[in-house]
Amino acid sequence: MDKICALILAAGKGTRMHSPTPKVLHKLLDEPMLGLVHQNLEPIFGADIFVLCGHGSQALKQTYPNYNFIHQTEQLGTAHALQTALPTILAQDFRQVLVINGDAPLISTSILEKFIKDAAASDLAFATLKLKDPQAYGRVVRQNDQLIGIIEAKDYDSSTYGEPSGEINTGLYLIKTDLASALLPNIAKHESSGEYYLTDLVALALKANYNVLALQCGFETHLLGINTPKELLELEEILRSEIVAKWIEQGVLIHAASQVRISPKAYLEPGAEITGPCEIYGASRIEQSAQIASHCVIKDSTVASLAKVHSFSHLEKAQVGPNCLVGPYARLRPGAILEESSHVGNFVELKKTRLGAHAKANHLTYLGDAEIGAKTNIGAGTITCNYDGFNKFPTKIGENAFIGSNTALVAPVTVGAGALVGAGSTITHDVPENNLAITRSKQKNFPHKPLPKEPD
Ligand code: UD1
Ligand code: MG
């Protein structure tokens, strides 16, 4: 088989999205569409994937620093896009290129594999769909069953080409690089838009007697592209419901499933239980018998088996160990690590903090840059004062310690194992093991005049 690579066209502005964000960075289930397209190509093409960027290229490169980008300085259309990438592709001896639009994130690896297999023998192949409403897609024109070419929607004239059949171009092509080198320079500019259309390659190739194949893929919604917010939401909903159905099929119990959003990157073990509405994004992992209650947002986090995350909790880059309890209304920020059977209760925030096994921080607390020993109890309202306005400092608390309510721990500071801190203390010096530390002033009681009576 010919040496083959993939080219993702992602340089366009995406004017119809009405957004300053480059179109291919718009997200489905919290994943930018470019990442989804790339991910679908990876099992087939490995590192041989090029991404053509232009509009917003800085943001694309920042989001995906490891991708092979080729720069298209001026966005002069999809044919100009392939022409721009061709020298790089030819320099690496690729004989065939799969061209895919960066706005088609639902074209899965298995669809791509089938397309490449069916298209392999032709010089130029492209996938087509039959749509009831062909919208703004390029129309496939056939006369007496013979393929003639593709005409863009805005240039389609029924008196010349006949009533549209509903067969449209999906924008997925397999092209021999020899053909591209020979014919791309012959594509003319469309004066109406000032662009060179890749779709014109079809008619040119037919004229030059190349073997051209329009592969009819029926009504396969996964081949549709995203040009508007409405289309993004429609495709996102297809992806969402398929992912949820897949996990239910594999033994995950998902209540209110229509309101559960799970990233294609997330992994759920059979026996996990999720209640919607709820969002599980990124490379999150929810293990067997873990329970996620409604209104939680979980991103790039692990929830181990038998742990319970109660409603309205937010987790990002956090690890929740087995048997832990989290929330309701807990916030676990990046670097929060809960060892087994530890508890984080309502209105508790953890950042870059390890909570030891069986330790508890049950109410109204902030723990940042901290190490909390096993079985230690953090009282309500405890704050690690980790930031002096310039730098962050660590707090260490040993095992079996007890921090009284409303304690401020001014970092850097260490509280030894078994130590006791009196409620309302501001701890600025280390507390040795098994010591009692208390900093509040003694209570004084004075008699006072009787208070004026409240009016009836
Ligand atoms: C394109 C096809 C249309 C097809 C549809 C399928 C053309 C002329 N039309 O239309 O036949 O039905 O896709 O979704 O090809 N891009 C660049 N550089 C450019 C211009 C575009 O990289 O100079 C990229 C865009 O970022 C986008 C892709 O090419 O990812 C397609 O461009 P878009 O403007 O979305 O074309 P459509 O109007 O959807
Ligand atoms: Mg498009």
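Reply: A polar contact here is a pair of N or O atoms within 3.5 Å; within protein, one atom must be able to donate a hydrogen and the other to accept it. Keep in mind that this is a predicted model.

Start with ligand 1. It is surrounded by 24 residues. The closest are Leu9, Gln72, Thr78, Glu152 and Asn169. The space that ligand 1 takes is the largest pocket. Which elements give two or more residues to the shell around ligand 1? They are strand 1 (4–10), helix 3 (78–91) and strand 10 (167–176).

Glu152 places a polar side-chain atom 2.7 Å from an oxygen atom of ligand 1. Gln72 has a polar side-chain atom 2.8 Å from a nitrogen atom of ligand 1. Gly12 uses its backbone: an N or O atom there lies 2.8 Å from an oxygen atom of ligand 1. How much of ligand 1 does the protein bury? Taken alone, ligand 1 exposes 750 Å². The protein buries 90% of that.

Next, the metal. The magnesium ion is ligand 2, and its protein donors are Asp103 (OD) and Asn227 (OD1). These donors lie 2.2 to 2.3 Å from the ion. Asp103 sits in the loop between strand 6 (96–101) and helix 4 (109–119), while Asn227 sits in the loop between strand 11 (212–216) and helix 8 (229–249), so the pair ties together parts that are 124 residues apart in sequence. Are these two residues buried or exposed? Asp103 is buried, and Asn227 is buried too.

Gly102 belongs to the loop between strand 6 and helix 4. Its relative accessibility is 0%, so Gly102 counts as buried. Gly218 belongs to the loop between strand 11 and helix 8. Gly218 has a relative accessible area of 36%, so it is partly exposed.

Why does Glu167 count as buried? Its relative accessibility is 3%, and buried means under 20%. What does the side chain of Glu167 contact? The side chain of Thr128 makes a polar contact with it at 2.7 Å. The side chain of Arg142 makes another polar contact with the Glu167 side chain, at 2.8 Å.

Now some backbone details elsewhere in the chain. Two peptide bonds come first. From Gly327 to Pro328 the bond is cis, with omega near 5 degrees. Pro328 lies in the loop between strand 24 (325–326) and strand 25 (330–332). From Ala411 to Pro412 the bond is cis as well, with omega near 0 degrees. Pro412 is in the loop between strand 33 (408–410) and strand 34 (413–415).

Then the phi angles. Asp30 has phi near 70 degrees, a positive value in a residue other than glycine. Asp30 lies in the loop between strand 2 (27–28) and strand 3 (31–32). Asn434 is not a glycine either, yet its phi is positive, about 60 degrees. The loop that holds Asn434 runs between strand 36 (426–427) and strand 37 (436–437). With a relative accessible area of 60%, Asn434 is exposed.

Finish beyond strand 37. Lys453 lies in the segment after that strand. At 80% relative accessibility, Lys453 counts as exposed. How many residues separate Lys453 and Leu174 in sequence? The count is 279, and in space the two are 89 Å apart, C-alpha to C-alpha.

To recap the site: ligand 1 takes the largest pocket, and the protein buries 90% of the area that ligand 1 exposes alone. Asp103 and Asn227 are the protein donors of the magnesium ion.

How values were computed
Residues are numbered from 1 along each chain as its sequence is written. Chains are lettered from A and ligands numbered from 1 in the order in which they are written. Side-chain values use heavy atoms; hydrogens and water are left out. Donors are N, O and S atoms within 2.8 Å of the metal (3.2 Å for Na, K and Ca); water is not among the atoms, so sites may look incomplete. Helices (H or I, at least four residues) and strands (E, at least two) are DSSP runs, numbered from the N terminus. Buried means under 20% relative accessible area, exposed over 50%, partly exposed in between (1.4 Å probe, protein chains only). A residue is near a molecule or strand if one of its heavy atoms lies within 4 Å of it. Accessible areas come from the Shrake-Rupley method with a 1.4 Å probe; for residues, only the protein chains shown count as cover. On a 1 Å grid over the protein atoms alone, a cavity is a set of points where a 1.4 Å probe fits but cannot get out, and a pocket is an open set with protein on both sides within 12 Å along at least five of seven lines; lining residues have an atom within 4 Å of a point. A molecule sits in a cavity or pocket if more than half of its atoms lie within 2 Å of its grid points.
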